[in-house]
Amino acid sequence: KSSSNNLHVVLLSSPEAGHVVPILALARRLAELQGVRSTVLLVTTGVHSASNVVSPPRENGLVEIVRLPPVDISSLVNPSTKVATLLYLTMQEAVPLVRSAIAAMDRRPDAFVVVYFGTDSLRVAAELNIPKYVLFTSTAWFLALSLYCPILDEKIKGQYIDKPGQLDIPGCKPVRPEDVVDMMLDRDDQQYHEYLRMGKEITALSDGILLNTCGALEAETLQAFVKNEAMKSVLKSPVYPIGPLTRPVERTGLKSELMDWLNKQPNQSVLFVSFGSGGVLSAEQTTELAWGLEQSRQRFLWVVRPPKKGHVNDVFFPDNIKGAEDDYLPRGFSIRTKKIGLLVPTWGQQVEILAHPSIGGFMSHCGWNSALESIVSGVPLIAWPLYAEQRMNASYLAEELQVAVRPEVLPTKKMVGRDEIEKMVRTLMEHKDGQAMRDRANQLRTGALNWIKEGGSSHQLMSQILTDIRPKRVIATKIE
Ligand code: UDP
């Protein structure tokens, strides 16, 4: 229970589920393991906010959630403004709201944590003279690229995607130009410049970077932060791999049509198909996917969304539209597949679904939270990257961790045909290659769960951070 002795941490998230989910998990873990009280500030846009669909932590005594008043950036953008720019602007406009929310608190916070699109608000923590951290919600590898991109910017001329060969990142797996993050696709776009700025600010303005990864998944890259001189020269603050900020849920006894259906399926027999909080396929690709699933004759559970209508910004904030399925699914699909498939409109309880013993594979857009949720449930993947840093995640899952199959050509370049989809699904669900990936996912699961168990490395790192914070708290209180 909360008392004045508990440390009080303020955590700030941007509106998308990919950030809200891990920041809430961090607040919960601080409460559970360390008795830390936290206030989670959620930036909202008033349109479609992920914070409405994401379930809040149960440790209500210690975790308070505050939805900030909606931010309106409509006068700052135009229809071609890219997603990352929208997020940076949203977080910039939220800074005064963050300042007032903290000013209104009965006790000044002892530390501040923000997701990486929100580096501007680190200045608020600096004004208060409290320790400040960035929660980098993706891989150590993507962090390494982000930190090193300002150097690549000086070294390399022309567009990265046109470069022959690979982009070398000191001490890390090189990045194929076709896999670079969306922010690096066009060096003339504003989002690239925002990204360069972020690469510098996450380390220059913070006292530390919390990473949603662990040694069991990214040992080599984490070593580079400590040992590689070129990497150390761009890293100004310590890195704390405290992830995965997720774990498989225990059987919740959640009653729903979906869980009833899953309960009736054989163990590891169902492919879960879902493309994250914002992934939407084209109409043509949705139809092709349906044919591929049907041809594979495997059981599936598909979180299906109406196809994209052309506006790229839709990817992050899907509506709660329940579309007329027959417009974009092959005629009669749901009737023909009734015995083996279940269609769930728009949104599913992903963590609960992945933890269900009937699930044997996950066709995923490879958002990092989804990848981690799959791994901690021991579920191998079909890697189908769509946006942000997902192409890198897909390569990492397939090549380094060897827990994923993927299409021969990136789905962002070319439509994936039904025969290839059938083949991937069968490989994952029926063949020994798929079983080898499942075994591997289970090994990684063990390593990841050991990292986050009580007394594990993640716990130790968090204790170390709190030990750093405590004495500063005394000084801060004296200044008041
Ligand atoms: N999610 C969910 N149900 C859905 C879609 C997404 O619960 O139907 C959750 C998912 O479990 C994950 C988060 O939303 O925790 C999405 O984060 P991720 O990094 O995988 O991808 P993003 O949505 O940021 O691209």
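Strand S8, residues 270–274, pairs with S11 in the parallel sense, over five bridges. To count as a pair, two strands need at least two bridges found by DSSP. Strands here are DSSP runs of E with at least two residues, helices are runs of H or I with at least four, and both are numbered from the N terminus. This is a predicted model: local features need pLDDT of at least 70, side-chain atom pairs count only at pLDDT 80 or more, and totals for chains, interfaces and linings use all residues. Residues are numbered from 1 along each chain as its sequence is written.

Back to S11. Val 273 has Met 363 of S11 as its bridge partner. S11 also runs parallel to S12, joined by three bridges. There, Phe 362 has Leu 381 in S12 as its partner. Is S11 buried or exposed? Six of its six residues are buried, so S11 is largely enclosed by the rest of the structure. Buried means 20 or more other C-beta atoms within 10 Å of the residue's own; exposed means 12 or fewer, partly exposed lies in between, and the C-beta atoms are placed from the backbone.

Next, the open sheet. Seven strands, parallel pairing, order S3-S2-S1-S4-S5-S6-S7. At the edges sit S3 (63–67) and S7 (239–241), each pairing on one side only. On average, neighbouring strands are turned by 20 degrees against each other, direction ignored. The axes are lines fitted to C-alpha atoms, for helices over the stretch in contact, with angles from 0 to 180 degrees between N-to-C directions. Inside the sheet, S5 (132–136) and S6 (208–211) run parallel and share four bridges. Phe 136 stands opposite Leu 211 of S6.

Now the core. The largest nonpolar core has 145 residues. Such a core is a set of buried Ala, Val, Leu, Ile, Met, Phe, Trp, Tyr and Cys residues joined through C-beta atoms within 7 Å. Among those with the most contacts inside this core are Leu 135, Ile 209 and Ile 382. Helix H1 (17–34) supplies the largest share, 10 residues. Take Ile 382: leaving out residues up to four places away in sequence, its contacts include Gly 361, Met 363 and Leu 428. Contact means C-beta atoms, placed from the backbone, within 7 Å.

Trp 368, Ser 370 and Glu 373 are among them. The cover over the buried residues includes H1, H12, S11, S12, H14 (390–400) and H16 (432–452). After H13 comes Gly 378, with a positive phi near 65 degrees.

Last, the loop between S3 and H2 (83–93), where Ser 74 is placed. Ser 74 is exposed, with 8 other C-beta atoms within 10 Å. Its C-alpha lies 9.5 Å from that of Leu 86, which is 12 residues apart from Ser 74 along the chain.

Definitions and conventions:
Contact = placed C-beta atoms within 7 Å.
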